[in-house]
Amino acid sequence: MLNGILNIYKEKGFTSHDVVAKARGILRERKIGHTGTLDPDAEGVLPLCIGKATKVVPYLTDADKCYEATVKLGAYTTTEDASGEILETFDVNVTRSQVEEVVKSFEGPYTQTPPMYSAIKVNGVRLYELARKGIVVDRPSRDVYLTSCNLIEWIDDTTFKIRVDCSKGTYIRTLCTDIGRALGCGAYMEYLLRVRVGHYCLEDSLTLGALESHKHEIDKYIEPVEEMFRNYPKITILHAYNKYLYNGNALPFKSAQLLPEQLGQFVRIYDEEGTFRGIYKVDNKLQQFIVEKLFI
């Protein structure tokens with residue numbers, strides 16, 4: 001059985017579920033999960049978690065992401081992207097410097113109202129299901145954070161490309177629409193490319209075609225689960241405490257072979273054989289490592 005994380009490049013025309021289904025067929029593995037939906041028209045990084053690695057799906061879903069998006073000025077659409085119907089059109093009379101200033105102004109804390117065409121549930125119903133019936137409901141706003149938001153290419157007087165580093169839950173379609181609103185001429189997202197999820201980057205991703213070609217040497221491309229937590233200190237537990245370790249009990253600090261000077265909030269726990277066992281939370285008050293997530 002395979003265990004680990006596979007960095008897949010989702011191509012245009014596939015849903016995230018399509019990618020999972022095709023990967024299951026190629027690898028002949030049933031236990032595969034994806035880590036954050038990409039719309040069918042979008043492309044880019046879609047890490048797949050395989051086997052025991054499905055336990056890290058929530059961590060990757062919560063990871064910061066980076067996108068490149070093409071913004072089209074002059075209209076709003078029903079879906080906030082190019083797949084929707086035009087709702088309203090505007091004359092465009094803005095300069096590149098004005099666009100750069102407005103785009104940059106979205107850096108930092110940013111409150112969004114999710115689009116109607118989204119998978120968010122309201123009263124147990126997906127918003128896109130309501131939108132397809134022509135029903136519009138109030139959506140709770142959400143606070144997101146843009147670490148950076150920059151204009152990276154000026155294509156023409158109504159079209160440009162932005163690059164955005166952002167927190168989880170950020171709708172780039174909505175950002176594009178809000179940029180158009182701030183410029184006073186409307187806008188929608190014409191194209192979206194996800195270039196990074198956590199530390200998984202575009203240049204290291206595999207298309208489904210490449211996955212098929214390399215399926216007999218797939219171990220070269222699957223990243224071990226513990227690499228997801230590479231920034232957490234590594235702690236090796238003494239053999240005498242294996243019973244506590246394998247049963248998922250809290251572990252006293254004295255069970256570690258060596259304590260680093262800076263523990264942080266979480267640590268990676270290994271047994272003396274070098275096998276990764278899980279992520280533990282550091283409780284300095286109780287002088288213990290407390291189970292956060294086991295991978296036994």
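User: How many residues does helix α5 have, and what span does it reach from its first C-alpha to its last?

Analyst: Helices here are DSSP runs of H or I with at least four residues, strands are runs of E with at least two, and both are numbered from the N terminus. The expected span of a helix is 1.5 Å times one less than its number of residues. Helix α5 (residues 172-183) has twelve residues and reaches 17 Å between its end C-alpha atoms, close to the 16 Å expected. Just after α5, G184 adopts a positive phi of about 80°.

As to provenance, this is a predicted model, in which local features need pLDDT of at least 70 and side-chain atom pairs count only at pLDDT 80 or more, while totals for chains, interfaces and linings use all residues. Residues are numbered from 1 along each chain as its sequence is written, and side-chain values use heavy atoms, with hydrogens and water left out.

User: Is α5 largely enclosed or left open by the rest of the structure?

Analyst: A residue is called buried under 20% relative accessible area, exposed over 50% and partly exposed in between, using a 1.4 Å probe and protein chains only. Ten of the twelve residues of α5 are buried, so the helix is largely enclosed by the rest of the structure. Among them are R173 and D178, together with I172, L175 and L183. For the protein chain as a whole, buried residues make up 48% of the 296 residues.

User: How should I read the aromatic pairs, and how many are there?

Analyst: Rings of Phe, Tyr and Trp (its six-membered ring) pair if their centres lie within 6.5 Å; planes under 30 degrees apart count as stacked, over 60 as edge-to-face and the rest as tilted. By this rule the count comes to eleven aromatic pairs. One of them joins Y76 and F90, which are edge-to-face at 5.3 Å centre to centre with 80° between the planes. Y76 lies in strand β5 (residues 75-77) and F90 in the loop between β6 (86-89) and α3 (96-104), so this pair ties together parts that are 14 residues apart in sequence. Y76 counts as buried at 15% relative accessibility, whereas F90, at 27%, counts as partly exposed.

The rings of Y241 and Y244 have their centres 6.0 Å apart and their planes at 40°, so that pair is tilted. Y241 is buried, with a relative accessible area of 18%, while Y244 is partly exposed at 41%.

User: Which residues do ring pairs link into a cluster?

Analyst: The cluster consists of Y59, F229, Y232, F266, Y270, F276 and F295, linked by ring pairs.
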